[in-house]
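This report walks through one protein chain, from its overall dimensions down to selected side chains. The sequence and the structure come first, and the description follows.

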Amino acid sequence: MTSTPAVIVYPPTADGGRRVRVGGHFVGIAYGLVDIAAFLQEAGLQDWDEMDVVRSPLIEWRGGGPDAWEH
């Protein structure tokens, strides 16, 4: 069984970026779903794309869901 890392996407900042943590480590600032998918691909989830990001119950969205990119 493959373990999927916990993912937390923090609220948008003034510039619209959202901090992203994967498996307890800060991996970067996302400015859209493509960025989050790229972070997850780098973390070992190579098959993930933007739709996986939107639909996944494994991602904890803080301060708004996948459509919230403005402060």
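The radius of gyration is taken over C-alpha atoms, and the globule rule is 2.2 Å times the number of residues to the power 0.38. With 71 residues, a compact globule would have a radius of gyration near 11 Å, and the chain, at 11 Å, agrees with that. This is a predicted model, in which local features need pLDDT of at least 70 and side-chain atom pairs count only at pLDDT 80 or more, while totals for chains, interfaces and linings use all residues. Residues are numbered from 1 along each chain as its sequence is written, and side-chain values use heavy atoms, with hydrogens and water left out.

Along the principal axes, the C-alpha atoms of the chain fill a box of roughly 40 × 25 × 15 Å. The secondary structure comes to two helices and four strands, where helices (H or I, at least four residues) and strands (E, at least two) are DSSP runs numbered from the N terminus. Read from the N terminus on, the elements follow the order β-β-β-α-α-β. Buried residues make up 35% of the 71 residues in the chain; buried means under 20% relative accessible area, exposed over 50%, and partly exposed in between, with a 1.4 Å probe and protein chains only.

Strand 3 spans residues 25–30 and holds Ile 29, and Phe 26 lies in strand 3 as well. Phe 26 counts as partly exposed because its relative accessibility is 44%, and Ile 29 is likewise partly exposed, at 34%. Together with Tyr 31, Phe 26 and Ile 29 make a nonpolar surface patch of about 290 Å². Such patches are made of residues with over 30% relative accessible area and no salt bridge, like charges being joined within 9 Å and nonpolar side chains (Val, Leu, Ile, Met, Phe, Trp, Tyr) within 5 Å. Phe 26 is also 19 residues from Val 7 in sequence, with 9.8 Å between their C-alpha atoms.

Two arginines have charged ends over rings, as tabulated here. A charge sits over a ring if NZ of Lys or CZ of Arg is within 6 Å of the ring centre and within 35 degrees of the ring normal.

| Charged residue | Ring residue | Distance to ring centre |
|---|---|---|
| Arg 18 | Trp 69 | 5.4 Å |
| Arg 19 | Tyr 10 | 4.2 Å |

A search of the whole structure finds one salt bridge, that is, a side-chain nitrogen of Lys or Arg within 4 Å of a carboxyl oxygen of Asp or Glu. The side chains of Arg 62 and Glu 60 meet in a salt bridge at 2.7 Å, N to O. Arg 62 is partly exposed, with a relative accessible area of 32%, and Glu 60 counts as partly exposed at 38%.

Methods:
Accessible areas come from the Shrake-Rupley method with a 1.4 Å probe; for residues, only the protein chains shown count as cover.
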